[in-house]
Amino acid sequence: MLRAAPWLMFGLLIMPVLAGLTAIVLPAFGYLPALQQTEPGLMVWRELLNTPGIGRSAALSLSAGLLTPLLSLLLVMLFLASTSGTRWAHAMRRLVAPLLAVPHAAAAFGLAFLIAPSGFALRLLSPELTGWQRPPDLLILNDPLGLAMMLGLVLKEIPFLLLMALAALPQLNPDQRVTMARTLGYRPILAWLWTVAPALYPLLRLPLFAVIAFASATVDVALILGPTLPPPLSVRIIGWFSDPDLNRRLLASAAALLQLAITLSAIGLWIVAEKMIARLYRKLLLGGIRLSGHALLNVAGKSLMVITLGALLLSLLLLVIHAFAGPWRFPANLPGSWTSQHWLSVGSVLLAPLSNTLLLGLMSTVLAVLLVVAALEHESRQGKATTRLLWAIYIPLLVPQVAFLYGLTLLLEQLRWQPGLLLVGFAHSLFVVPYVYLSLAEPYRRLDPRWQQLSATLGASPNRTWWQIKLPMLMAPIATACAVGLAVSIGQYLATLLTGAGRVSTLTTEAVALASGGTRSTIAVWALLQSAVPMLGFVLAITLPRFWWRNRRDMRGQLT
Amino acid sequence: MNASRLTLKNIDIRLHGQILLELDTHVEPGAPLTVMGPSGVGKSSLLAYIAGFLSPDFQASGEIYLGERCLNGLPAEQRKVGLLFQDPLLFPHLSVAQNLMFALPSRAPDRARLVEQALQAVGLEKFGHRDPATLSGGQKARVALQRLLLSQPKAVLLDEPFSRLDAHLRQEIRQHVFQTLRDAGLPTILVTHDAQDAAASGGPVIELK
């Protein structure tokens, strides 16, 4: 049973991706018997290439896919370099996990409230500095270059990369490396950049590729902050897919293949750039630069991170303010009055989306935790680590969601599967499993193997050892992994929309649907609800084990 | 207690094809065998091989007999070989008494009384409900030994169990452990790089290089 777990897990992760990608190939070349399209050819591609603005859409997707990870990586590296060995890093680790729990859509809405022409930032400056008595006619949100969209993505990807980096750093002994370089006369930040960064980067590569795949094919953030004329390619695919004219699905299939090509080229370009930057880096490193630019790097590293995370926190605060705001005229800094009216109006329609959200989260998280724990326990009983499987775990995160999920939906329609909670739950677990694995693998492997050996010499079978020794000792990391799984499931927009055929409504689909036409206060209420559930999960995951082990001192240090 | 000797027949442990250790000997109850040598010569691998959890990275051969019973091929939990590690390793999520209860075979009658007696034997009868983290180093070492005895082993392996103790405790705990194991009549192998451990054991010594 345990032996099957790794295979079951990889099957679950890889088969749907392969099936989904295969399912879009034939329709992209004009073959979709269900729609009486049986003459293969290149007409679909001709039509796609003649679609107005298609080049611009593709360029938007590609540039978002490259600039988002680049900016996020630079900020994270600079921050880590300027705070290595200080208390900052520790404080940041506490802040990052709850920020990671905020769904993409909620963060994007909050950011919109902050930077929109009638948003909080300009209200603070007006009318004193700008003289504006009315919101200026500026295209800040949905700007044609997609800058707001990329900013929204960067805000969410930075906590992710930071968490990955903070988890990877201890194994590199950064303090020792920095001290060594400092004794050779390098200032601390350069010492970090020259000795720690090159070792850290390889450990961030897979997460970075996941960021590329997500940013180049995002739908929910693009719907909220992205350009509209034309939107990025991923949004157009969804538009064609939901078009009443079913023949548009051929077009959507070709566009999904194009999306795959764009994401893969972004990853390819990144790899080429890696090689060039590595060469340049080596040259600088061997050039022996020790002192220059230290103050600038120090200020930039800390302040940029404070600004980014501050913007994210402020965005969340704005969601709270808007959710209780009465009439709020521009340029007043705060609403004139407060009301709970928005909550009452949402309350009546809340039940179905909320219960769907919780059911889906529960289903996919339980499935994921069972699979991941079984796979890790199998590995631990074998006594050998199997790290080469990491790539397989990442597959659903490296292939653009919109491409394979769309294909999967086409396939399921042809098989006449009834869309419903069960199917959507399976789709969620495609993304929940990898994150649960990433969260749990490290603490599971780090558990001192002597506990298991000791238990065996005392006569306990492997199963008894697992139930009575390992499970309780790993309770805190397993609880955290559950919270991560829940948060990932709640954040899923595309998987819910496509495999649920638009009929399964969750907090996230409701919130994103309001992007066009919802009032700010209603949006704020939904976005807050959408953030509150995963936050609550993290609070429980941290406090419950602490409470449970309140009389066991050595169990309290292990909360990761 | 029925005591039977521990026989090690043509033990040969290799890592990446390189021989770490060769051993052919037997251990009588009451005469602990001390295996000495610097770190990295495979002392701990020898104990792991006997106890049954040598990592598959090693290649090992040779037969292990406990009395007439061949241990090769048995999983660790069926070998009835107890092990004391460098650290006492009291399970941090269980109370002191629960640690002892965990070791007790399930068929043992009147489990609570046995645990109580085991604590009494080392003067810790008031400590059953305590969090092991609140015990002193010496108390932890005693509980670890009582836990091992409650699991009713037929042989005992000691992996430098005194090396982490403070100097003033080391002598006392060492005496206590050897005396207890001698009284129990258990064949014992001690792995150490401390010559005083070897002297205190009062049994044969093998030096590895």
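Before anything else, a term: two strands pair if DSSP finds at least two bridges between them. Helices (H or I, at least four residues) and strands (E, at least two) are themselves DSSP runs, numbered from the N terminus.

What you have above is a predicted model, where local features need pLDDT of at least 70, side-chain atom pairs count only at pLDDT 80 or more, and totals for chains, interfaces and linings use all residues. Residues are numbered from 1 along each chain as its sequence is written, and chains are lettered from A, with ligands numbered from 1, in the order in which they are written.

With that term in hand, I start in chain B. An open sheet there has four strands in the order 2-1-4-5, with antiparallel pairing. Its edge strands, each pairing on one side only, are strand 2 (18–27) and strand 5 (69–70) of chain B. Strand 4 of chain B, residues 58–66, runs antiparallel to strand 5 of chain B and is joined to it by two bridges. Opposite B:Cys70, in strand 5 of chain B, stands B:Tyr65.

Now confidence. The model scores ipTM 0.92 and pTM 0.89. For chain B the mean pLDDT, the predictor's confidence in each residue from 0 to 100, is 90, and 99% of the residues score at least 70.

On to chain A. The secondary structure of chain A comes to 24 helices and two strands. Along the principal axes, the C-alpha atoms of chain A fill a box of roughly 65 × 65 × 55 Å.

How much of chain A is buried? Buried means 20 or more other C-beta atoms within 10 Å of the residue's own, exposed means 12 or fewer, and partly exposed is in between, with C-beta atoms placed from the backbone. By that count, buried residues are 48% of the 560 in chain A. As for contacts, two residues are in contact if their C-beta atoms, placed from the backbone, lie within 7 Å. Of the contacts in chain A between residues at least 6 apart in sequence, 80% join residues at least 24 apart.

A:Ser216 is one residue to look at. A:Ser216 sits in helix 10 (residues 197–216) of chain A and counts as buried because it has 31 C-beta neighbours inside 10 Å. Its C-alpha atom is separated by 3.9 Å from that of A:Gly65, 151 residues apart along the chain. Leaving aside neighbours within four places in sequence, A:Ser216 has contacts that include A:Ser61, A:Ala64, A:Thr263 and A:Pro400.

Next, the nonpolar core, meaning a set of buried Ala, Val, Leu, Ile, Met, Phe, Trp, Tyr and Cys residues joined through C-beta atoms within 7 Å. The largest such core has 221 residues, and A:Val372, A:Tyr406 and A:Val436 have the most contacts inside it. Helix 7 of chain A gives the largest share of this core, 14 residues. Beyond four places in sequence, A:Tyr406 touches, among others, A:Ile24, A:Phe241 and A:Leu498.

Then the backbone exceptions. Most residues other than glycine have a negative phi, and most peptide bonds are trans. The bond from A:Leu229 to A:Pro230 is cis, with omega near -5°, and A:Pro230 lies in the loop between helix 11 (220–225) and helix 12 (233–241) of chain A. Another cis peptide bond joins A:Phe330 and A:Pro331, with omega about 0°; A:Pro331 is in the loop between helix 14 (294–323) and helix 15 (341–382) of chain A.

A:Asn142 counts as buried because it has 20 C-beta neighbours inside 10 Å. B:Glu160 also has a positive phi, about 45°, and lies in the loop between strand 7 (155–159) and helix 5 (167–184) of chain B. With 19 C-beta neighbours inside 10 Å, B:Glu160 counts as partly exposed.

Last, the interface. 22 residues of chain B are in contact with 22 residues of chain A. On the chain B side, strand 6 (81–84) and helix 2 (96–103) each give two or more residues, and strand 6 of chain B gives the largest share, three residues.
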